[in-house]
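Good morning, colleagues. Please turn to the sequence and the structure now being shown.

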Amino acid sequence: MRKSLLVVALSGALVAGSVAVSTAISAAPAIARGAPAPKRIVSLSPTATEMLYAIGAGKLVVAVDDQSNYPAKAPRTKLTGLQPNVEAIAGYSPDLVVASAATAQPQLKKLGIATLVQPAAKTLDDTYREIKQLGGATGRTKQAAAVVAEMKAKIAALTKSVPKNAKTLSYFHELDNTLYTATSKTFIGSLYSLAKLRNIGDAADTTDTAGYPQLSAEYVIKQNPELVFLADTKCCQQSAAAVAARPGWDSLRAVQAKHVVALDDDVASRWGPRVVDLLRSIVHAANDARKA
Amino acid sequence: MREPDAADTPTHLRWTWLAASGAVLLGVLALGLAVGPVSINPARSFVEILDHVPFVHVHSGLSSRDANIIWELRFPRVVLAALVGAMLASSGAAYQGVFRNPLADPYLLGAAAGAGLGVTIVVVAGHPITGGFLDPAPVAAFVGALGAAVLAYAISATSGRIRTPATLLLSGVAVMSFLTAVQTYLQQRDADTVRTVYDWILGRLTSASWSDVVLVLPYFAVTGVVLVFHSRALDVLSVGDEEAASLGVPVKRVRLTIVAAASLATAAAVAVSGLIGFVGIIVPHTVRLLFGTSYRVIVPLSIILGGAFLAFADLLARTTLSPAEIPIGVVTAMIGAPFFVVVLRTSKATTG
């Protein structure tokens, strides 16, 4: 009995001690920081990297993550945006980190490094807003506005090139060779809608798949899309020939009419200024298919 | 496990062992502080730590960036790894003693799986995994770990005929399998959260901060004291329930206390670091092989060397592929699985 009392007393003392230490730790002074324009930027998002260079803030960028392969002159490092190593980021002494997720934000904040989180865009307006946000953060408001204006003009022209009475064609957007797709509710799906195309994946979407359902080969063949877009040419070495060689796929309307379009995986998975190029590929392919 | 035998296994902790283990721990902590993706002068790093000791004012000469890296990133991470390792190793040792089974650890008993399920439910319900004191994730981990341990205990206590310590372990295995299955089901059903949960399951000390240290420190202190004070009881229990009762040990109460303390330690560790396997097996067995089979030796040395082991494993996890990280659960399992085989092969003579 005496022993258990001793245990209780000792535990109590230790808890008190821990709490005292805890209080001392949390009382450590926070780092004060002002908010001048950043001079050293680390980008952990390939899209943000493209945006930064597009608005002329490229010379402020000191390091980009391992996926930021455009523009080629961006200082690519082994940093990863998926599970960022905060210490490795801090090693570049940035005063601004741009990322697509907030994973590293709390720890970076402790080091006095500001983080701008720019999640994947759901609409073109999100893209424009993020470009302008980066412009504001880097003191390049005008350049950012100019980039957005140019994008809007080009997208308007491309949309206009789709005939008003154009027939709606069906398409399949292939994310990888296990037939994951993006529906019309997604960012990329909204671009296809501009070209008056109908997504065959929409019917397979549920709340759990949230716009990115996986289709079966049988489903795709049954839907018989008039166009197939391959966003898995780099990741999975897919091509029009590879698609035609799949069992049963040679009967697809898209394969028969040679309307299987190879896209650049990177351009098709980002939401930066190059969405204009992506939309151009889509609109041209759709218009060609209608002429045929 | 053999009965403690005064002739070949000392029952008292020798100060030299304690000092040696302490030195190993300090050495690993120092190494963990000195090595990282950014190279920082180690001597100045230590001065920087000293500067944070109350009433000590020394200037490390580190740039504010480096000082912050040391104090806000590396040091809390090394300390957290050591605390988590100490809790997992000591609860492993305690489970092994209570259940008289050399393979018992927080994982086999379902406590870790319970904590895992708790956190998965929180994530699927749409909450982020945060380590604040009363945030959903740690609370769910506690509830899950204790619930699983109590469930395993209840199943074995009500199972009819053959009631041996192995019964508890077997019901623990059943509980673990079931909870892991439920967790995997939830995770697969909810595609969006797979990655978050998966990262967490593999163990993560990546985002370690002082608030995590603060969260586990009280649990570490309480469970550590309880287990160390019960190490003699563990020795007596290892002789057998009836013998222990005849020696005046209230078997039921002592067993429940030890299981509760070990489960609490597991839950706290899982809440801040995810599922990190094998620590509860490797460390107590190494101590057993090196220093003897008395729990008066095993429990305190497991606390110290468990801390050293996990701090070292974390060092490997964050430096091997730097700046990318290997999940720490992968590191401990890579060392742990082969070690597990060695233990199995050399423990043939033990009684279950």
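What is the order of the four strands in the open sheet of chain A? The order is S2-S1-S3-S4, with parallel pairing. Strands and helices here are DSSP runs numbered from the N terminus, with at least two residues of type E for a strand and at least four of type H or I for a helix. Two strands pair if DSSP finds at least two bridges between them.

Before I continue, please note that this is a predicted model, in which local features need pLDDT of at least 70, side-chain atom pairs count only at pLDDT 80 or more, and totals for chains, interfaces and linings use all residues. Residues are numbered from 1 along each chain as its sequence is written, while chains are lettered from A and ligands numbered from 1 in the order in which they are written.

Returning to the sheet, its edge strands in chain A are S2 (61-64) and S4 (114-117), each of which pairs on one side only. From one strand to the next, the twist averages 20°; axes are lines fitted to C-alpha atoms, for helices over the stretch in contact, and angles run from 0 to 180 degrees between N-to-C directions. Strand S3 (residues 96-99) of chain A runs parallel to S4(A) and is joined to S4(A) by four bridges. Within that pairing, Leu96(A) has Ala114(A) as its bridge partner in S4(A).

I turn now to chain B. Chain B contains 14 helices and zero strands. Of its 352 residues, 55% are buried, meaning that 20 or more other C-beta atoms, placed from the backbone, lie within 10 Å of the residue's own.

Terms used. A residue is buried if 20 or more other C-beta atoms lie within 10 Å of its own, exposed if 12 or fewer, and partly exposed in between; C-beta atoms are placed from the backbone.
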